[in-house]
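Please look over the sequence and the model first.

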Amino acid sequence: MEIIMAFVIGFLFMAAVYLILSKSLLRIIIGTGLLSHGAHLLILTMGGLGGEAPPVLTEGAKTFADPLPQALILTAIVISFGVTAFFLVLAYRSYQELETDDISLMRGSDEDE
Amino acid sequence: MLQVLYIFIPMLAAILVPFLYKSIKNIHTGWFVLAVPATLVIIYASYIAKVAKGEVFQAELPWIPSLDISVVSYLDGLSLLFSLLITGIGSLVVLYSIFYLDKHKEKLHNFYVYLLLFMSAMLGVVQSDHLITLYFFWELTSISSFLLIGYWYTRDASRFGALKSMMITVGGGLMMLGGFILLSIMGGTYSIRELIVIAPDLVGHPLFTWSLVLLLLGAFTKSAQFPFYIWLPDAMEAPTPVSAYLHSATMVKAGLYLVARFTPIFAVSELWVWLVTGVGLLTLFWGSFFALKQTDLKGILAFSTVSQLGLIMSLLGGGAVAFHVNGAADLVFKFAAFAAIFHLINHATFKGSLFMIAGIIDHETGTRDIRKLGGLMSIMPLSFTVAAIGSFSMAGLPPFNGFLSKEMFLSAMLALNEFELFGFDTWGALFPIVAWIASIFTFIYSFYFVFRTFAGQYKPEQFPRKPHEAPIGMLISPMILAAFVVIIFFIPNLIGDTFVKPAVQAIQPFLYDSPSAIDIHVSAWHGLQPELFMTIGIVIIGVLLFVALPKWQGLYNLFPRSLTFNNAYDKIMQGLDVGLYRISRLYMTGSMRHYLLYMFSGIVAIVLGTLFVKDAFSISFEGAAPIRSYQIILIIVLVIGTATTILAKSRLTAIIGLGSVGYTVALFFVIFNAPDLALTQLVIETISVALFLLAFYHLPKLGKREERMRFQLNRAIISIAVGVMVTLIALSAHSQKLIPSISKYYKETVYSLAGGGNIVNVILVDYRGFDTLFEITVLSIAGMAILAMIKLRMNRKEKAHENK
């Protein structure tokens with residue numbers, strides 16, 4: 001399973017980078033969303049996908065999943081949400097101000113040249 | 001310890017200057033500043049008697065002990081002489097500046113802070129025994145010089161001159177640092193005195209020549225030697241007190257100091273003797289020759305300074321010859337090093353006073369253009385007297401100190417070609433000839449300076465201001481210096497015993513054990529020696545040529561401007577500017593996407609490179625979890641969702657694609673035994689999609705925009721490369737477990753330490769509680785930023801509304 005997941009994650013990353021390199025702000029934000037999904041799955045996969053039960057101590061303890069990657073991912077999910085929300089409002093604001101969502105047109109002022 | 005502190009007194013005093021300037025407006029800030037160099041003169045004067053006997057004083061203050069760097073103040077004859085010049089001339093210059101710079105119009109706090117900074121730096125240069133701190137102070141003098149030249153920073157010429165001097169002297173300083181480092185590698189120590197002791201062992205070292213050349217580059221750039229002298233004329237844009245202080249009396253002599261200080265180490269080398277003497281003489285001739293082309297008073301003085309520095313440099317080169325001659329202490333040419341130091345003192349006195357006079361003329365008439373000046377003798381009699389004394393001394397006439405050192409210079413040059421050494425008997429014949437010709441030009445420009453300004457026709461209509469004699473306060477400093485010019489002529493041996501001989505002993509320790517062992521007696525009358533005839537020749541030819549000057553001065557215009565070193569400098573700087581600009585334009589496109597491309601390529605290159613070098617590619621199916629059919633279905637959904645986001649033409653489809661990916665990831669969490677993650681992911685994904693939909697309402701449609709094919713290709717390649725890279729990392733991470741998992745610790749202690757059963761939750765709130773706290777902080781900051789951005793817009797809109 002890990003082997004297949006490795007390819008799936010690679011695909012997610014590829015799509016994310018491809019979107020981040022586009023001109024449209026919305027696509028870029030979707031790209032960052034995909035990037036965080038990919039990263040979460042990557043962490044989980046690296047920790048191993050084995051284990052037969054959630055990492056909760058119960059009677060008759062069996063082998064359970066690795067808790068550490070899960071703790072890391074939990075933090076990461078929340079943070080990535082914060083970042084996505086921030087990006088969205090930023091995009092919305094810059095569209096309001098600059099009247100474009102094309103980042104190739106957002107190059108600072110002419111005086112910088 | 002205290003001795004080291006003296007170096008830093010001006011720097012510490014500089015801290016107070018801005019406060020004094022701000023709080024006490026009625027009194028010129030210079031009066032307070034004057035106390036600093038005046039105190040230091042007294043302190044250093046207390047060393048004179050002991051140092052004259054041959055004693056040395058050393059004090060150390062550790063700076064960076066782990067690197068063996070400390071501030072060492074080492075006072076011997078040479079260092080003390082320079083320290084006295086720095087503080088003595090410094091006092092006079094500060095006094096002069098009080099009258100030169102208006103307390104209401106000028107930014108005095110800047111000026112005096114820079115000046116005090118320079119004073120500390122310069123004291124540090126001449127007293128440091130440690131190579132690294134010497135370099136540190138050396139560059140500090142360049143920086144303070146830069147600041148002082150650019151003091152009137154609104155003028156283009158000031159900024160240009162400041163930058164030029166900085167470029168050349170700091171460039172030379174870096175070369176010198178290279179030389180220092182090579183020296184410390186060879187000798188295994190940073191201490192100059194220790195290096196001098198082991199100097200005989202250094203000669204055969206392969207790095208010896210390199211360190212010699214690099215060190216000389218530092219000295220030549222600082223002391224404005226040919227062809228690096230070009231910065232000095234442009235440095236004349238500085239206020240005149242600065243020109244008198246830094247650019248004639250002290251800073252430009254740092255290079256001479258360096259050569260003098262390192263003579264005991266490098267004198268053994270033939271290259272050293274030829275370079276120092278040859279470049280010195282060439283500079284002497286070049287400077288004196290082109291001084292006559294100048295029309296700016298300070299320009300004449302700048303070229304004359306260049307020329308005089310060359311003279312002293314050539315004498316120091318001659319002093320190094322003594323190393324190779326048996327019984328050199330008894331020979332006639334022992335004069336060389338003595339004359340170098342003696343002339344250095346004399347030059348500081350007469351050139352300092354001349355610069356101050358040039359400043360006075362500028363101040364009182366409003367112009368420094370020698371073509372407009374003339375006939376000021378009757379209007380400014382005191383200034384004229386001082387200028388005449390300085391100029392005659394510079395020309396080498398009695399009864400002024402310049403006569404004595406110029407005679408000694410001629411003796412030394414005559415004596416040099418008598419040695420059958422380094423081919424001096426052939427090429428050496430040129431030395432006295434060049435020296436003689438240069439002296440003629442020196443004579444002419446000295447007369448040119450004083451008589452064109454003060455004699456001749458008075459042209460009042462040419463002056464921006466009505467000329468009158470300078471206030472007495474302004475004249476005090478040049479008068480004191482001029483008095484020295486005359487006094488030294490009559491008591492040369494007192495000066496020689498007190499100041500010159502201890503310094504000479506530091507330059508030629510291989511000849512003398514103590515200053516009193518130096519058997520030199522200076523006298524104005526040597527009898528009918530060749531030197532005397534040379535001087536008479538100089539005077540006769542000099543006067544004739546000076547009278548005829550208007551007839552031949554036009555010859556200077558025949559030199560093509562395009563062949564000058566100034567032009568070369570301008571071209572190089574321009575070329576660098578344009579070239580570097582083009583290079584940075586190549587990649588600094590201003591486009592975010594290009595930068596992202598660079599970053600992603602960089603990441604891929606680094607990670608793949610590391611994997612490759614460490615030979616970490618591996619794939620192993622061992623320990624992999626089994627694959628189930630429903631997992632395959634989820635994977636298919638995930639891939640389709642991802643593909644949708646890329647291919648979607650409408651915003652809504654793309655958002656839905658992203659949402660489906662998010663929910664699938666949540667399902668993955670479920671099947672991989674991570675219920676907490678699944679819950680969180682579901683909640684977050686729902687909110688995210690809602691947010692996206694909200695934003696979608698405001699954002700424009702996704703258009704099919706024109707993309708350049710090349711960028712599209714790069715984009716695809718980079719995306720695929722990143723994907724491959726991540727896959728490889730995941731595979732490698734799965735296939736080789738280099739270190740055992742630390743999760744075991746949590747599993748074992750979660751109940752005993754934290755009293756919880758849900759390990760993930762306990763890790764978050766207990767083991768890594770701070771992590772979670774900061775996570776909340778980040779979220780709140782993001783929330784506040786979002787709120788602020790929206791508020792901002794509201795305000796703007798309201799204002800726009802009001803304006804309507």
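## Overall build of chain B

This is a predicted model. Chain B holds 31 helices and 2 strands. Its radius of gyration is 37 Å, well over the 28 Å that the globule rule gives for 804 residues, so chain B is more spread out than a compact globule. Along the principal axes, the C-alpha atoms of chain B fill a box of roughly 120 × 75 × 55 Å.

How much of chain B is buried? Buried residues account for 47% of the 804 residues.

## Domains of chain B

The domain assignment of chain B gives two entries. Domain 1 covers 273–321 + 330–547, and domain 2 covers 747–804. The C-alpha centres of domain 1 and domain 2 of chain B are 76 Å apart.

## Where chain B meets chain A

Chain B brings 82 residues to the contact, and chain A brings 73 residues. On the chain B side, the elements that give two or more residues are α24 (592–613), α25 (629–647), α26 (651–671), α27 (675–698), α28 (709–735), α29 (743–754), α30 (759–767) and α31 (769–803).

Which element of chain B gives the most to this side? It is α28(B), with 13 residues. By residue type, the side of chain B that touches chain A divides into 53 nonpolar, 20 polar and 9 charged residues.

Helix α4 of chain B runs over residues 108–127. At 1.5 Å a residue, its 20 residues should span 28 Å. The end C-alpha atoms are 28 Å apart, which agrees. Helix α4(B) is mostly covered, with 17 of its 20 residues buried.

B:Ala14 sits in helix α1 (residues 2–23) of chain B. Is B:Ala14 buried or exposed? B:Ala14 counts as buried because it has 22 C-beta neighbours inside 10 Å, and the cut-off for buried is 20 or more. Leaving aside neighbours within four places in sequence, B:Ala14 is in contact with B:Val113, B:Leu116 and B:Leu117. B:Asn110 is 96 residues away from B:Ala14 along the chain, yet their C-alpha atoms are separated by 9.6 Å.

## Annotated spans of chain A

UniProt, in an unreviewed entry, lists residues 6–21, 28–51 and 71–92 of chain A as "transmembrane region". In the model, residues 6–21 of chain A are 94% helix and 0% strand, and the end C-alpha atoms of this span lie 23 Å apart. Residues 71–92 of chain A are 100% helix and 0% strand, with end C-alpha atoms 32 Å apart.

## A buried glycine in chain A

A:Gly31 has its place in helix α2 (residues 25–46) of chain A. A:Gly31 is buried, with 21 other C-beta atoms within 10 Å. Not counting residues up to four places away in sequence, A:Gly31 touches A:Ala16, A:Leu19 and A:Ile20. A:Tyr18 is 13 residues from A:Gly31 in sequence, and the two are 7.5 Å apart in space, C-alpha to C-alpha.

How values were computed: Residues are numbered from 1 along each chain as its sequence is written. Chains are lettered from A and ligands numbered from 1 in the order in which they are written. This is a predicted model: local features need pLDDT of at least 70, side-chain atom pairs count only at pLDDT 80 or more; totals for chains, interfaces and linings use all residues. Helices (H or I, at least four residues) and strands (E, at least two) are DSSP runs, numbered from the N terminus. The expected span of a helix is 1.5 Å times one less than its number of residues. A residue is buried if 20 or more other C-beta atoms lie within 10 Å of its own, exposed if 12 or fewer, and partly exposed in between; C-beta atoms are placed from the backbone. Domain bounds come from an automatic or database domain assignment. The radius of gyration is taken over C-alpha atoms; the globule rule is 2.2 Å times the number of residues to the power 0.38. Two residues are in contact if their C-beta atoms, placed from the backbone, lie within 7 Å. Ala, Val, Leu, Ile, Met, Phe, Trp, Tyr, Cys and Pro count as nonpolar, Asp, Glu, Lys and Arg as charged, and the others, Gly among them, as polar. UniProt positions are given in the numbering used here, feature names are shortened, and annotations may be inferred rather than shown by experiment.
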